[in-house]
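I opened my notebook to keep a record of what I looked up, one topic at a time.

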Amino acid sequence: MAVNTIKKGFTAEVDKVLKLVIHSIYTNKDIFLRELISNASDACDKLRYEALHNSGISSDQELKITVILDKRNGVLSIKDNGIGMNRDDLVNNLGTIANSGTQKFLEQNIANKKNLELIGQFGVGFYSAFMVADLVTVYSRKANTAQTFVWQSTGESGYTVVAAPKEKELDSSGTVIELKLTPESLELLEKYRIQHIIKTYSDHIAFPIELIDEDGTATIVNSSAALWLKAAAAVSKEQYEEFYHHISHMPDKPWLILHNKVEGNLTYTNLLFVPTNKPFDLFRPQAKSRVKLYIKRVFITDEGINLIPPYLRFLCGIIDSEDLPLNISRETLQNNLTVSKIRKSITKKVVTTLQKKIDEDREEYEKFWSNFGEVLKEGLCEGAFEEKELLLDICRFHTLRSKEKTISIADYLVNMVEGQEEIYYIIGNNIETLANHPQLQGFKERNIDVILLTDHVDDFWVSVVNQYKNYALKSVISSDIDLNKIQHIDKEAEKAAGNDINDQKIINYIKGALQDKIKDVRISTKLIDNPVCLVIPEGAMNIRMEKMLVEQKQLNKRSLKIMEINTRHNIFKKTLCLY
Ligand code: ADP
Ligand code: MG
């Protein structure tokens, strides 16, 4: 057997996680059980799925999770009869971290705040076992194989994997995790204590959780009914929160709960949550989907099927379909008509619920918007026209006249001045700089509001969404804005004072001087304190986007701009004397 012994160091990432776990002081170490039970439940889900798709695997026996208390030896065990792991699985799953970017996020989010409750969110929940144990032994047998392997570690110096001795072989597929508890954690062997933890964190787990005490008495601790099948009125706030923690591994509370049963052409149940806080991986392309697909109560997948559109990726929870056949393969699901119908239906539900939230409590919505607005706006670049208009309705904006509190685009319309027929926006890197932008002075003078856009996604959606309720969306930097058409501020007073200058003369002069460095020269109605500015031809790409594309070498050079001049400015009055 020694020949088969694998002795390995953990990867550097795992080592760091373990050092953190072992040397931290916890406010809430009980969460280790939630993580291990959640893994056991995933393993049962996987076996049930495989049994449906792979004739070699059966799930005849009842899938369940067993927690065993052994006071005499100071050992707590968590057992499942799920999918199990072979030797390679043990090395890969319990010795490395699959997600290579995890390290950075761990350092930022856990090390600094010492907030280890977040551990499951980073796909490293298993290591929370070392919060309470100084020796962890995992016995596992993979479905469809005959051999049991043993993984063991103190968390300090790597781990070993060996074939299990005869007496420790498992008689069916599954996993047993034995925790040799630290002296401070021995209280976890008290039956009522552990029962309480399971009830608190894992009551809704869809498989029975059995507790075996030192006398060998077995009790089923959880209710094990799928929570989403209950009527919303029958589910308590605590139950929703517990389920949310299970599915999101986030320590916050849900900001919004959407629990519906849809019947008719399409029959499905959804239990979805919007988190209060921003998940750490919201902008990481390789982040896993947070919404799981079930078919008739059986977990199917949480990967690669576009169950919800990417711009709603902050949602987490489950969707349970009655229409899809149980034995459908994950591959077929990618382009499945029912899935796309569900996606459409869910999207509409979410957007209308968010709209309701705005109507109920704007302040609350502001919190949501500051976390997820940037993601939501991605949807403005995709989808059908009506969908975009609905989305635009729930978007919030800072504007020149409302810099602190956001307003909706409908509010903007209400605030338009007489004669204004377009919606104006400006794009830049921060609200303050934008609000003081020289080209906004003419707008301020006429009390015309301007939407201030600072997110990266703004560059994209404004080039796709050209109008809202028949009002064109127009960049302030565009060349064809004549503010005098909205409100004429004339220069009669200046003329009377003998300060009038010949506009055409000065245009010709500048054109002659700059020649092919600019596209054109025009009189500006936007400037007051500044003499000149550059604007873009109508319909041209916005300046920040152009700059980005040039920097990324996707564009050779910047396009020629149009120069607008402010002939009311002193500098022109003086230069006029020069020629
Ligand atoms: P996550 O659950 O987010 O993937 P964990 O650190 O909790 O991260 O677990 C790592 C991996 O170890 C799991 O993805 C799974 O492949 C494997 N694993 C852990 N516990 C079990 C178990 N009881 N049965 C089968 N596989 C398991
Ligand atoms: Mg886990």
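The entries below go from the conventions to the domains, then to a sheet and a ligand.

**Conventions.** I am working with a predicted model, in which local features need pLDDT of at least 70 and side-chain atom pairs count only at pLDDT 80 or more, while totals for chains, interfaces and linings use all residues. Residues are numbered from 1 along each chain as its sequence is written, chains are lettered from A and ligands numbered from 1 in the order in which they are written, and side-chain values use heavy atoms, with hydrogens and water left out.

**Domains.** I looked up the domain assignment (bounds from an automatic or database assignment) and found domain 1 (6-224), domain 2 (228-360) and domain 3 (485-579). The C-alpha centres of domain 2 and domain 3 are 52 Å apart.

**Sheet.** I then followed an open sheet of five strands, ordered β15-β17-β16-β19-β18 with mixed pairing; strands are DSSP runs of E with at least two residues, helices runs of H or I with at least four, both numbered from the N terminus, and two strands pair if DSSP finds at least two bridges between them. Because β15 (398-399) and β18 (467-468) each have a single partner strand at the edges, one side of each is left without a neighbour in the sheet. β15 pairs with β17 (residues 451-453) in the antiparallel sense over two bridges, and Thr 399 stands opposite Ile 451 in β17.

**Ligand 1.** Which helices each supply at least two residues of the shell around ligand 1? I found that α2 (31-53) and α3 (87-95) do. The residues around ligand 1 (a heavy atom within 4 Å) include Asn 39, Met 85 and Phe 126.
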